[in-house]
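Here is a walk through a two-chain model, from how the chains meet down to one residue. Have the structure open as you read.

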Amino acid sequence: MVKLQVNGQTQSFDGDPSMPLLWYLRDELGLTGTKYGCGVALCGACTVHVDGEAARACITAVSDVSGRSVTTIEGLDTNGNHPVQRAWRALNVPQCGYCQAGQIMQAAALLTTNKNPSEDEINSAMSGNICRCGCYQRITAAIKAAATGA
Amino acid sequence: MTLAHAVIENVSRRGFLKGVLATGSLVIAAKLVPARAEAAGYATGAEKMPHGVRSDPHLFVSIAPDGIVTIVAIRSEMGTGSRTSLPMIVADELEADWSRVRVVQAPGDEEKYGNQDTDGSRSLRHHIQPMRQCGAAARQMLETAAAKRWGVDPGEVRAQNHEVVHKASGRKLGYGELAADASALPTPPADQIKLKDPAAFRYIGKGTTPIVDLFDITTGRATYGVDAKLPGMKYAVVARPPVFGGKVVSFDASAAMKVPGVEKVVTIEGTPAPAKFQPLGGVAVIARNTWAAIKGREALNPTWDDGPNGSYDSAAFKAQIEETARRPGKVVRNDGDAEKALASAAKVVSAEYYIPHSAHATMEPPSATVRIADGKCEAWACVQSPGNTREELAKKLGLKEEDVTVHVTLLGGGFGRKSKCDFVLEAAVLSKAMNGAPVKVIWTREDDLQNAYYHTVSAERIDAGLDANGKVIAWRHRSVAPTILSIFKPDQTHEAPFELGMGLVDVPFDIPNLRCENGEAEAHTRIGWFRSVYNIPHGFAVQSFVAELAKATERDPKAVLLELIGPPRIVDPRKSPEVADFWNYGDPFETYPIDTARLRRVVELVAEKADWGRKLPARHGLGIAVHRSFLTYVATVVEAVVDDKGHLTVPRVDTAIDCGFAANPERIRSQIEGAAVMGMSLALYGEISFKKGRVEQSNDDSYRVLRIDESPPVTDVHIVPNGIDVPSSGVGEPGLPPFAPALCNAIFAATGKRIRRLPIGDQLAA
């Protein structure tokens with residue numbers, strides 16, 4: 001039995017403890033905002049926060065997060081108004097939108113540790129998150145906007 | 001689900017209002033009025049698409065008593081913005097307040113909604129007129145209803161921002177208050193519909209309307225194909241033959257069944273080629289969750305009979321098609337006498353280009369959920385072609401189409417992959433095997449890359465003859481590439497007219513002796529549409545070769561490009577000898593001619609914006625390319641930097657686009673920005689290769705997609721301003737073809753190294 005916090009709620013799971021957190025969130029808890037993209041931590045679509053730090057849910061076993069606190073895109077902000085989410089909307093970042101939950105979670109984690117990242121720091125922090133539509137130019141601009149409150 | 005949504009689903013195909021009143025919400029219109037060409041400003045190919053096009057507000061608009069306007073979106077949203085832009089056009093003509101508009105997605109039903117294929121960069125260009133008519137008709141009905149209520153002449157009232165106003169008396173009625181009366185009126189005939197003066201547009205052409213799913217996307221609430229949730233739903237992954245056309249010989253079902261959570265192992269029959277959109281076949285593992293299904297599949301240990309494509313080797317095939325391109329092929333355009341002119345030319349310049357297979361690699365791999373109950377099938381799927389999906393599902397399950405419902409989710413990328421419903425048919429077969437229980441089929445990234453419908457592979461050879469002054473007097477372009485027709489018909493070895501028309505026979509150059517040939521090539525895997533399709537190889541060859549001609553004559557590439565395009569005129573390939581069934585993207589040539597004035601304009605515009613000819617530091621270079629595709633003119637200038645180790649960066653991209661009237665400039669910008677990133681992905685990394693019939697790439701490490709730190713930090717998009725009388729043309733695809741040649745021309749300018757084979761890979765390594 002694994003016990004963990006997901007978006008502030010205590011959950012327990014008695015299934016396969018090696019199940020990736022990604023599939024646990026999606027299939028068992030119905031939290032489908034966290035996306036599958038590659039399954040091997042190459043694309044970042046499944047990015048969540050574990051104790052506030054960005055983590056790839058596809059290679060994180062449920063047992064790895066026992067007793068820890070997981071935040072998904074659904075729990076980033078109660079009203080969906082985290083500064084990163086607001087900036088994403090203000091700059092019309094998404095095209096298809098599929099990777100954006102992972103991008104937003106990664107960007108939010110970056111801004112927690114670095115309040116005003118440079119372009120190089122943004123590139124470095126975000127280079128694990130793929131966007132096939134090619135929204136990168138706007139992602140960079142949105143992170144800058146979220147950082148400065150613009 | 002909103003009340004209004006429920007109403008739309010309940011409206012019968014014949015459009016009677018019976019039963020609708022009881023719900024408290026009203027659907028406007030009384031009888032169906034088809035979109036008519038004569039009422040439109042210009043003719044398009046929309047009516048010739050399967051099931052044609054509709055514009056009747058009855059189908060698209062409903063207004064609830066509280067004034068909420070619900071508009072039906074009939075195109076799939078895969079990132080282009082069509083799910084927003086089409087309803088936005090209706091809302092503008094309806095004079096609706098966008099904040100009181102809701103958009104609902106139509107299920108696949110082409111008899112009702114007309115053609116729903118979201119492909120070919122057609123959504124906006126085929127619907128700007130019908131959607132304007134739709135909104136305007138609804139507005140007029142509201143005005144007529146208000147005039148009747150007040151006993152005044154309809155000419156005295158005016159719809160304005162969600163209400164109808166009688167200026168003389170100052171009376172006003174909201175749309176919600178008028179919906180009941182309006183719905184009882186006949187839809188105005190097409191020739192009596194008065195479209196808005198474009199000066200009065202609120203949303204059309206402004207680029208200020210965010211996409212309707214923006215909040216849901218940023219909060220994780222948006223629902224894609226892979227996100228369907230149904231009670232009792234099972235999860236399936238499929239072990240498919242690693243070689244196209246292969247069959248399973250043996251597998252260990254019992255090992256898979258031992259994995260906790262696995263419920264069933266099911267064989268899916270493949271279909272012999274040409275298999276169109278039928279599943280590849282294989283062995284499915286159905287489980288209580290995705291992880292168990294994946295673990296179960298790992299335990300299957302299948303063996304395969306590879307079949308006739310087991311020897312497919314893309315390196316050998318490259319040599320083969322390159323050799324084919326060195327010999328005469330089937331003549332598909334023949335102006336003047338290119339052979340004679342080449343023989344007598346003062347100088348001949350020749351070059352060969354190669355473009356490999358590539359895969360769409362949509363961020364969301366294919367996924368679908370199907371449930372079968374009481375003789376009815378329901379599917380939830382990320383499909384670009386819900387109408388065709390419905391048809392194929394009905395056939396597969398032996399049901400009538402009316403007993404099949406295809407719910408269209410958001411698409412996590414499409415790029416042509418999701419025009420093929422093989423993955424939905426898999427889910428249907430598996431649901432049937434589970435006695436109709438809902439089954440979700442999930443494709444892993446490996447499945448997606450190794451069992452795709454691949455972009456064609458191509459060898460292109462161009463020979464040009466120059467006179468003593470360096471002027472091009474002869475042009476012979478040979479293209480050799482397996483055809484998409486190969487998935488539909490046996491023994492297809494030549495490019496089809498719709499492929500030849502994508503940048504080969506429509507080359508808009510002012511050269512008296514111009515010959516295009518197409519050599520034979522067999523398909524050894526599934527070939528499918530990929531964003532901008534055959535424009536990719538044709539455009540790469542033509543636009544790279546122009547810069548090669550500039551080098552051969554020591555001239556400025558832009559000057560040579562403009563010289564080849566020649567004076568402003570209409571180029572009509574239908575008048576050229578040997579051009580058969582010229583493909584103008586399915587639209588009338590008279591509406592969308594090949595206009596070299598517009599081609600020249602985008603070249604001049606992009607050159608001006610990019611400051612073409614500016615002094616650059618060492619190892620920097622500018623490259624230019626232009627290409628007309630999907631009836632739109634796009635020119636791109638890329639600045640490339642190649643350092644002394646051969647590392648490539650692109651600090652800036654400028655793109656000029658003339659897509660006729662720009663209905664939603666903000667989404668045009670985003671498409672073009674994205675095209676630069678995808679274009680660079682393909683140019684730098686995009687290759688699917690085959691050994692022993694098997695794809696050698698498996699995930700994002702071996703089939704790389706551009707990342708943020710490699711991406712051009714700036715893509716400036718310059719939209720040629722056009723009035724609404726200039727027919728809107730495609731946007732989703734045309735940004736891609738000029739990118740790779742512009743990049744390779746820039747690399748040449750920076751380094752003197754000419755890239756003729758994509759991907760670039762390590763060709764720049766010092």
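## Where the chains meet

In this predicted model, 47 residues of chain A are in contact with 49 residues of chain B; contact here means that the C-beta atoms of two residues, placed from the backbone, lie within 7 Å. On the chain A side, helix H1 (21–28), H2, H3, H4 and H5 each give two or more residues. Helices (H or I, at least four residues) and strands (E, at least two) are DSSP runs, numbered from the N terminus. H5(A) makes the largest contribution to that side, with 4 residues. By class, the side of chain A that touches chain B has 23 nonpolar, 18 polar and 6 charged residues.

A word on the bookkeeping. Residues are numbered from 1 along each chain as its sequence is written, while chains are lettered from A and ligands numbered from 1 in the order in which they are written. As this is a predicted model, local features need pLDDT of at least 70, side-chain atom pairs count only at pLDDT 80 or more, and totals for chains, interfaces and linings use all residues.

## Domains

Chain A is divided into domain 1 (2–75) and domain 2 (83–148), with bounds that come from an automatic or database domain assignment. Taken over C-alpha atoms, the centres of these two domains of chain A are separated by 21 Å. On the domain 1 side of their contact, E3 and E4 of chain A each supply at least two residues, and E3(A) has the largest share, 3 residues.

Chain B is divided into domain 1 (3–219), domain 2 (225–307 + 366–442) and domain 3 (314–359 + 453–751).

| Chain | Domain 1 residues in contact | Domain 2 residues in contact | Domain 1 side by class |
|---|---|---|---|
| Chain A | 15 residues | 12 residues | 6 nonpolar, 7 polar, 2 charged residues |
| Chain B | 15 residues | 19 residues | 2 nonpolar, 8 polar, 5 charged residues |

For these classes, Ala, Val, Leu, Ile, Met, Phe, Trp, Tyr, Cys and Pro count as nonpolar, Asp, Glu, Lys and Arg as charged, and the others, Gly among them, as polar.

## A covered helix in chain A

Helix H3 (residues 100–113) of chain A has 14 residues and reaches 20 Å from its first C-alpha to its last, close to the 20 Å expected at 1.5 Å a residue; the expected span is 1.5 Å times one less than the number of residues. H3(A) is mostly covered, with 11 of its 14 residues buried. Buried means that 20 or more other C-beta atoms lie within 10 Å of a residue's own (exposed is 12 or fewer, partly exposed in between), with C-beta atoms placed from the backbone. The buried residues include Gln100(A), Ile104(A) and Leu110(A).

## Ile217(B)

Ile217(B) lies in helix H7 of chain B. Why does Ile217(B) count as buried? Because Ile217(B) has 28 C-beta neighbours inside 10 Å. Not counting residues up to four places away in sequence, Ile217(B) touches Pro94(A), Gly97(A), Gln100(A) and Ala222(B).
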